[in-house]
Amino acid sequence: MPLSRKAVAHLQAGEVLVGTMIGVGMFGIPFAFVQAGFFVGMIYLVMLGLATITLQLMYAEVTLQTPGKHRLVGYMRRYFNQKWAMAAAFVFLGGSWGALIAYILIGGNFLGQLLMPFFGGTEPVYQGVFLAAGFLLALGGLRLVSGAEMYLVGLLVVAMLVVIFRGVFDMHVPNLLTSSTAHLLLPYGVVLFSLGGMTVIPEMRDVLGRYHNDLRSVIIKSSLVVIILYAAFALAVVGVTGPATTEEALSGIGAALGPWVLIVGVVMGFLAVATSFLTLALSMQDMFEFDYGFTKLFSWFLMLIVPLVLFMFGARDFIRVIGFTGAVFGGLFGILVVLLYQRVRNRYCDRDARCFHLSNKVGYLIAVVFAIGAFLEIARPLADFL
């Protein structure tokens, strides 16, 4: 029996959110959970998952109550002023540059795992190759590959399921019982980075079309799917590898379960990371070129210069990069969404509309927690130095 148009629209909109949320951050979750304690990590995943869904529903309300096509910068300009729009642009760019560095690190890691047995070399060399190739392809505007991102993320989900179902048969419960107070805060930024995806909610509304009032339910269902997949993936990897869990998860699980599991995971992971890198790089170029009027070449330069400089000056720790990006820029994004939602709901939301109503106290609580998380992440290098 064929699906109804409404069901097809729901599936397509859900795929947009799931495909955006599932990405490079998932590879860091098992390692962060092992360092802090598996069940501590699960608490982070559940609590931050609920907070993320709440923020997504807030952002969805903004998109539903605002006519026309906008993104966070446009919403902040419309409901606040140009200074707030600039703040939103800073948050978007900071998060995007952080994500590009993460793609370079994990993409180069996967490339090295595939090619080092044949050509030798070291991981930083392959990360440099990934960086150079990615930026050159972005300069050429390789839209065909970036358009395949959704399909390759689907293959990445398949690889996750392979690891999950294969790992069930080799799990050891004692591996789940480790804990460490020294790394108690580590999962916060990693999990928050992994749950990113709010930027596509306006696009989900467009995909739903005349069924846009179902946006809230699609968000909840899609986000729960991602959270459950992350939990199952972390359970399988940590249950098998325990203290031997590696930062990107796959080399450790491959050593325990066999080379074919490693090959499947690394190949699918590399393809998904490479296309996600291109998609984000091209999106940033478009913003510089079309929103700010820069030339194509200068837009490309602005997109690459920050990740390039940070990589050259030692940004090589994958977990620290996604942890910092998630805690700081993911947290700031969440705070902006809370402020935006409060402005729209209290001043512009039509009383006759079926609005998503949330207590101001809950919104402010989320904002305060995110602000504290961002502050602690920024202060951590200073604390480590002292």
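At what angle do the axes of helix 2 and helix 11 cross, and within what distance do they come?

**Entry 1: what I am looking at.** I am working from a predicted model, in which local features need pLDDT of at least 70, side-chain atom pairs count only at pLDDT 80 or more, and totals for chains, interfaces and linings use all residues. Residues are numbered from 1 along each chain as its sequence is written, and side-chain values use heavy atoms, with hydrogens and water left out.

**Entry 2: the helix pair.** I looked up helix 2 (residues 29-36) and helix 11 (residues 215-241): their axes come within 9 Å and cross at roughly 65°. Axes here are lines fitted to C-alpha atoms, for helices over the stretch in contact, with angles from 0 to 180 degrees between N-to-C directions. Helix 2 makes the contact (heavy atoms within 4.5 Å) through I29, P30, F33 and V34, and helix 11 through Y230, F233, A234, V237 and V238. I sorted these residues into 9 nonpolar, no polar and no charged. Nonpolar covers Ala, Val, Leu, Ile, Met, Phe, Trp, Tyr, Cys and Pro; charged covers Asp, Glu, Lys and Arg; the others, Gly among them, are polar.

**Entry 3: the whole chain.** I found 16 helices and 0 strands in the protein chain (DSSP runs numbered from the N terminus: H or I of at least four residues for helices, E of at least two for strands). The C-alpha trace spans about 60 × 60 × 50 Å along its principal axes. I also checked burial: 53% of the 386 residues are buried (under 20% relative accessible area with a 1.4 Å probe, protein chains only; exposed is over 50%, partly exposed in between). Of the contacts between residues at least 6 apart in sequence, 83% join residues at least 24 apart.

**Entry 4: T52.** Is T52 buried or exposed? I read a relative accessible area of 7%, so T52 is buried. T52 lies in helix 3 (residues 38-65). Leaving out residues up to four places away in sequence, T52 touches L192 and L195.

**Entry 5: A249.** Where does A249 lie? I located A249 in the loop between helix 11 and helix 12 (250-257). Its phi is near 75°, a positive value in a residue other than glycine. Most residues other than glycine have a negative phi. A249 is buried, with a relative accessible area of 1%.
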